Amino acid sequence: ADSLYVSEYFSQSAQKLSFYSWYGNAKLFHFHVPEDTVLLRWLLQASRGKGPECTSMEITVHFRHGAPPVINPLGTRFPANATVRPSYNISITLGSAVQNTTFVNVTSPAAGDWFIAAHLPQAAGRIEVKGFSTPCPYMFQADMFVLRLTDMPVLEPGVPMPHTVVSPAKPLHVKVFVPKHAAAMRFQLSSCVTSEQRACTVRVLLGSITLPQSFQRSLTCTGSTNCSLALESPPWEKWLQIMVESLGPANASVSVEMLASFTVCRPGSPSSFLNFISLNQSQAGGRPGAAGSSALAAAEAAQNTSGQRSSSCLQSQPVVREDLDVVSVRYRLLNGPSVPVSSLSPTLLLLNLNTGMDSGGSLVVSLLLNKTSVSLANATVAACVSAASPVLSLNATQNCSTAFSQGYPLSVSTSSAEATLIVLYPQSDDWFLSLQLLCPRAQGGCAGAEGRVSVFAYLTPCFNDCGPYGQCSLLRRHGFLYAGCSCKAGWGGWSCTDDSKAQTVGTQNLATLLLTLSNLMFLPAIAVAVHRFYLVEASVYTYTMFFSTFYHACDQPGVAVLCIMDYDTLQYCDFLGSVVSIWVTILCMARLKKILKYVLFVLGTLLIAMSLQLDRRGVWNMMGPCLFALLVMVTAWVHHGAKRRHCYPSSWKRWVFYLLPGITLAFIAISVYAFMETNENYYYTHSIWHVLVACSVAFLLPPRDKHKKPWAWPQKLTCRYQICQNDREELYAVT
């Protein structure tokens, strides 16, 4: 009946999309699907602005159950030994319409965490100055509708249960709980008849749908004969949904009888008491008697294990989870880093990743075979890393598949004793590592062979900390934390291991030299300022040259990096010196009275420092002081010209050989800075900016006052008598 279903609605706020260059540009949405959900519907809404800068755009949306989706829009390489499975994605096109609404339906979805990631196409790479252009806003919002069954019937193991499918439009939903250590499950459907006492046809779907890959099992039963399906390694301690739908006439009901049975595996492992003793001894350290007790416990554990191998289907090894930091976990084996592996039954290790906060990193599992422990030269230790349920039949298959998931295979041997597996964004669940010794068929003495394998497993935010050419960034979406690598110096890939477009060391050194040594072009401007007695201006240019040089030496993405102080401090001082240099140069050109000029120097510097603290990359931090200084300069020039009744400056040589070249260089510098810089050409276009600005300052500085004497040491070394001079401001034309 319809009253048995409950609909629920979940929504999250819209996010502004970004062009893709690394995982941090993808906008993540995190939802939780409740238990007994029979229908899931995503409502995806995309919109864009209405301005002329907004064009048609394609938005890519990725889906995944259990963890954030692993995506690769740029087609870069993943690190070696990493397992990558394509994500399920759809494309939403924003054409002439301002808004697009898309629905995505999932029948019988898996309960738990679901993630959606959305992004725009690859970024163009142009460096845009904030405020010069208005980017088009592209917004994306994901809402979730679920239809949940309030009283889903429970199928008890080993008990036949009759049920009725009312009509093909209303399928029957039941669930069964899979116990721990279940090695196999058998589902049987019998006594299938319609209301008209005819042979019926039904379809049975076992399991839930997960994305990007779904392992839902299907079974079609016809007639009243028994119909069954066997499942190896069903998910432990989880509810398994079963849906039965009729394929007969629309007005005919179907009666069926269902039976679910499990084959439970009897684990063999050291007793809990011995595990408790081992844990206490490992925590106690070197207390008196600890070594003897630990050795005794280990001996008893080994004897107990060897006695149980013949009667158990797996050997469980105790593992301790140690939380180190955010998305950082280390797994420690109580009985030492090495575990015994035999051919009789698999050795099982539980890696707990079901806290809900572990799926934002990378799970790393490394195996190291002790070659001296294997008695057979051609023996191989096969291993499988799987989620939800372990692989218990390694000797029969090597694909590491379970009932509803696909594991990841590993193997070590005497010829290749090391193996590593990297699982990117592992789904939130219990993970299992199964190991078993396999021998060639030609050798018959495999039953008594045993090997020892050292196991190292840990969860890290970024594998290898993104390497030398990447930075590991911790990202957050509401309360969920996940990590991503931001690469530099042309490197790419998930962990910054793709060097197909990487800069060579020579290119990195050249970029550093260009960006730092180009600041030496301020030396002519400093020399001109000192020669003309503009000592305050010369001090500002020296400050700018110093901090710009060392900021760009610290800002390099590669190996040619030198930071004399904190990066943020160097950046702030560089930006402050650049804007103040423009400010004092234009005010110096205005030829104001000294007291007024220095008041404006100090007041403007304080205001510029405040604005840079508020928004360091805002365009008005530079344009505002420039426009105000130009207004002051034009006003002063008009005032001088009105008093002289003459154009100011009056000399045509001053205009042709100084002002016009300086203004031209300044406009070219601004054009290069605002419209030509990209990530690829930054190191030489920004160096050109340094050169042009420094040269324009040398041209634009006005000549010294007429009453100022040139620098000369004989005039400075006066004896007894000193002629007084008039230091009044010169307000006449500059020649």
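Mentor: A helix here is a DSSP run of H or I with at least four residues, and helices are numbered from the N terminus. Thr544 is found in such a run, helix α5. The model is predicted.

Trainee: How many helices and strands does the protein chain have?

Mentor: The protein chain has 11 helices and 33 strands. Of its 735 residues, 48% are buried. It exposes about 35300 Å², and 58% of that area comes from carbon and sulfur atoms. For contacts between residues at least 6 apart in sequence, 78% join residues at least 24 apart.

Trainee: Back to Thr544. Is it buried or exposed?

Mentor: The cut-off for buried is under 20% relative accessible area. Thr544 has 4% relative accessibility, so it counts as buried.

Trainee: Which residues does Thr544 touch?

Mentor: Leaving out residues up to four places away in sequence, Thr544 touches Phe522, Gly577, Ser578 and Ser581. With Gly577 there is also a polar pair: a polar atom of the Thr544 side chain lies 2.8 Å from the backbone oxygen of Gly577.

Trainee: Now a whole helix. How many residues has α7, and how far does it reach?

Mentor: Helix α7 covers residues 594-614, which is 21 residues. From first C-alpha to last it reaches 30 Å, close to the 30 Å expected at 1.5 Å a residue.

Trainee: Which residues of α7 are buried?

Mentor: Start with the general idea. An α-helix has 3.6 residues a turn, so residues three or four places apart point the same way. In α7, the buried residues are Lys597, Leu600, Phe601, Gly604, Ile608, Ala609, Ser611 and Leu612. Viewed down the helix axis, the buried residues of α7 fall within an arc of 165°, so they line one face.

Trainee: Which residues are exposed on the other side of α7?

Mentor: Ile595, Val602, Leu606, Gln613 and Leu614 are exposed there.

Trainee: What covers the buried residues of α7?

Mentor: The cover includes three helices: α5 (535-554), α6 (567-589) and α8 (620-644). Helix α5 is also the one in which Thr544 is found.

Trainee: Let us turn to strands. Which strands pair with β18, and in what sense?

Mentor: Strands of a sheet pair through backbone hydrogen bonds, either parallel or antiparallel. Strand β13 (residues 172-178) runs antiparallel to β18, and 7 bridges join them. Strand β15 (residues 201-206) also pairs with β18 in the antiparallel sense, over 5 bridges.

Trainee: Which residues of β18 are the bridge partners of Leu172 and Leu206?

Mentor: Leu172 has Val244 of β18 as its bridge partner. For Leu206, the partner in β18 is Ile242.

Trainee: How many residues of β18 are buried?

Mentor: Strand β18 (residues 238-246) is mostly covered, with 7 of its 9 residues buried.

Trainee: What is the order of strands in the open sheet of 6 strands?

Mentor: The order is β20-β21-β25-β30-β27-β28, and the pairing is mixed. An edge strand pairs on one side only; here the edge strands are β20 (267-268) and β28 (408-413).

Trainee: Next, the backbone. Which peptide bond is cis at Pro212, and where is Pro212 found?

Mentor: The bond to inspect is the one from Leu211 to Pro212, which is cis with omega near 15°. Pro212 is in the loop between β15 and β16 (217-222). Another cis bond runs from Tyr648 to Pro649, with omega near -10°. Pro649 is placed in the loop between α8 and α9 (652-676).

Trainee: Which residue has a positive phi of about 65° although it is not a glycine?

Mentor: That residue is His181. His181 is in the loop between β13 and β14 (182-194). At 22% relative accessibility, His181 counts as partly exposed.

Trainee: And where is Ser191 found?

Mentor: Ser191 is in strand β14. Ser191 has a positive phi of about 55° and is not a glycine. With a relative accessible area of 41%, Ser191 is partly exposed.

Definitions and conventions
Residues numbered from 1 in each chain as written. Predicted model: local features only at pLDDT ≥ 70, side-chain atom pairs only at ≥ 80, totals over all residues. Heavy atoms only, no water. Helix = DSSP H or I, 4+ residues; strand = E, 2+ residues; numbered from the N terminus. Expected span 1.5 Å × (residues − 1). Buried < 20%, exposed > 50% of the residue type's maximum accessible area, 1.4 Å probe, protein only. Arc of directions from axis to C-beta. Contact = heavy atoms within 4.5 Å. Pairing = 2+ DSSP bridges. Areas by Shrake-Rupley, 256 points an atom, 1.4 Å probe, with all protein chains shown as cover. Polar contact = N/O pair within 3.5 Å; in protein donor to acceptor, adjacent residues only side chain to side chain.
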